[in-house]
Amino acid sequence: MKDILEQLHITANNKGVSTGRQWLESSGETISSFSPVNGKLIGSVQACDAVTYRQVAARAQDAFVQWRTVSAPRRGEIVRQIGGELRRKKEPLGKLVSYEMGKSLQEGLGEVQEMIDICDFAVGLSRQLYGLTMQSERPNHRMYEQWHPLGVVGIISAFNFPVAVWSWNAAIAWVCGNVCIWKPSEKTPLCAIACQHIVAEVFERNDIPEGVSCLINGYRDAGEWLCNDEHVALISATGSTRMGKAVAASVAARLGKTILELGGNNAIIISKEADLDMALIGCVFGAVGTAGQRCTTTRRLIIHTSVYDSFKQKIINAYQQLRIGNPLDAANHVGPLIDKGAVEMYQQAIEACKQQGGSFVVEGGVLQGEGYQSGCYVKPCVAEVQSNWPIVQHETFAPILYLMKYDNIEDAIAMQNSVPQGLSSSIFTLNMREAELFLSNRGSDCGIANVNIGTSGAEIGGAFGGEKETGGGRESGSDAWKAYMRRQTNTINWGNDLPLAQGIKFTV
Ligand code: NAD
């Protein structure tokens, strides 16, 4: 890893606060980043303190005044160059993601690919920030709408996508004319430092002022400074529902804007008319990929009674083939959980499931011994449950898969919708009526609803996000950019008199 860290400008002790090329002294706590892969210390990072935060925020505000005057296509050109740098650094950055977060190397590289893809998307978008032209009810008047940047965008991100989620927000926010302050997860600070170096080089090469891309490493308090700062126009926060509720309350108290991307509890319906072999791949990858630590991880399978036993057996057989170990080794399917706290939550959830009546058809457990010294490797497990049990209604961020039975499709959809979260959902069926019902307004209540595809692994071209306790925000593709801009309606009178709207007569 040493050469990779060097390529990414990561040292043993790193400053954690930056406004671009400049790295600021701060006196926050030291964050030590240990790899869940082998338990070794990768490096330390100095967290932000309140005074340094204010310096960063002031720099960002100043930068916005300049950045908003740069044309959108030119801003897009700079994001294009960032995409180019990411292409060059894909291998080392992907490895660092894998090593610091614990996801497989394929998924680490995939995360960087997503960053590249969103840069490409943002470049095109930079010439397409379209507003509508409307017909005015008054003669000789023209009415249209246009979109302006918001100002400072605060990005709070979670550990499980340590780089991609930031880029989804930052690339779009930048082409829209905003500046960004990023508060990454305290569990993956080095990935953030690596990204900041990559971006800062591009900004410097283009004479872009300090402050367009800011980084504040730190704990929850750093996120709270951002949320309470009235100069931060938009907070885009990705993480747990607990965090989202706190963020929503503090930002709403000052009438700021939020994009909330919170927890999921995603289900796949397996119809009696499913292609079961295809469904199996989608279910197993969805449940164990990233060791069950994706917001879109498959947590529940709702299986038709007539295929329940045979599909359960397929799942059990597939789980027996899973290889758990070092995620940098391509032969392994499942890496570690992020830390020992996550392992404890996994164990508590298994216990709770058993107490509530769950029976495990694939047993869980914490792995020990050679290769598992970090204490973060667990066995993906599968339990038979009832939909309304509290543990099934709750998102446990670990590879625990729940199996349930259904008899008719309406019941299956009701079960799928019965949880507080509303992120991703899917149905495997070759029956067109079932598929269309699932996608209809009587179907899935989630932000993402798929047919013959699992719940995890969204493409950047669509708007990403979910309903209910998932927060309602949308990021990434489609017209998600509109949340990063303010809409202005303009009416221009080019005539010789002043007719009032609604035909109102007023003379003096
Ligand atoms: P977390 O909520 O513990 O932390 C997320 C971020 O929020 C961190 O940077 C943390 O420091 C910060 N934070 C925590 N409390 C805060 C507060 N009160 N004010 C401001 N900032 C605060 O989440 P995590 O454990 O890092 O990530 C796992 C969770 O994230 C899961 O619930 C997962 O489903 C969710 N997630 C959702 C999406 C999505 O797009 N919907 C994507 C990835 C992860």
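Me: Two strands pair if DSSP finds at least two bridges between them. In this predicted model, which residue of E20 is the bridge partner of Ser 426?

Reply: Strand E19 covers residues 424–428 and is joined to E20 by 4 bridges, the two strands running parallel. By the cut-off of at least two bridges, they therefore count as a pair. Within E20, the residue bridged to Ser 426 is Asn 450.

Me: Which buried residues does helix H11 contain?

Reply: H11 runs over residues 305–321 and has 17 residues. From first C-alpha to last it reaches 25 Å, close to the 24 Å expected at 1.5 Å a residue. The cover over its buried residues includes E13, H10 (276–288), E14 (298–304), E15 and E16 (381–384). Those buried residues are Phe 311, Ile 315, Ala 318 and Tyr 319.

Me: What is phi of Thr 290, roughly?

Reply: Thr 290 sits in the loop between H10 and E14. It has 27 other C-beta atoms within 10 Å, so it is buried. Most residues other than glycine have a negative phi. For Thr 290, phi is positive, near 55 degrees.

Me: Is Ala 291 buried or exposed?

Reply: Ala 291 lies in the loop between H10 and E14, and its phi is positive, near 50 degrees. A residue needs 20 or more other C-beta atoms within 10 Å to count as buried. Ala 291 has 30 such atoms, so it is buried.

Me: How far apart are the C-alpha centres of domain 1 and domain 2?

Reply: Domain 1 takes in residues 1–262 and 471–489, and domain 2 takes in 266–451. The two domains meet through 17 residues of domain 1 and 19 residues of domain 2. Their C-alpha centres are separated by 31 Å.

Me: Which helix supplies the largest share of the side of domain 1 that touches domain 2?

Reply: By class, that side of domain 1 has 6 nonpolar, 7 polar and 4 charged residues. Helix H4 (90–101) and helix H5 (105–125) each supply at least two of its residues. The largest share, 4 residues, comes from H4.

Me: In the open sheet with the order E3-E2-E10-E9-E8-E11-E12, which strands stand at the edges?

Reply: The sheet has 7 strands and mixed pairing. E2 (residues 17–18) pairs with E3 over 2 bridges in the antiparallel sense, with Ser 18 bridged to Trp 23. Helix H9 (241–253) packs on the sheet, touching E8 (152–156), E11 (232–238) and E12, and makes about 175 degrees with E12. Each edge strand has a single partner, so one of its sides is left without a neighbour: E3 (23–24) and E12 (257–261).

Me: What is phi of Gly 39, roughly?

Reply: E4 (residues 30–34) runs antiparallel to E5 and is joined to it by 5 bridges, and Ser 32 stands opposite Ser 44. On E5 (residues 41–46) there are also 3 bridges from E1 (residues 13–15), in the parallel sense. E4 and E5 form a hairpin with 6 residues between them, and Gly 39 in its turn has a positive phi of about 80 degrees.

Me: Which residues does Ser 418 contact, leaving aside its neighbours within four places in sequence?

Reply: Ser 418 lies in the loop between H14 (409–417) and E18 (421–422). It has 15 C-beta neighbours inside 10 Å, so it counts as partly exposed. Its C-alpha is 7.8 Å from that of a residue 30 places away in sequence, Asn 388. Its contacts beyond four places are Ser 387 and Asn 388.

Notes. Residues numbered from 1 in each chain as written. Predicted model: local features only at pLDDT ≥ 70, side-chain atom pairs only at ≥ 80, totals over all residues. Domains from an automatic or database assignment. Contact = placed C-beta atoms within 7 Å. Nonpolar A, V, L, I, M, F, W, Y, C, P; charged D, E, K, R; others polar. Expected span 1.5 Å × (residues − 1). Buried ≥ 20, exposed ≤ 12 C-beta atoms within 10 Å, placed from the backbone. Axes fitted to C-alpha atoms, helices over the stretch in contact; angles between N-to-C directions.
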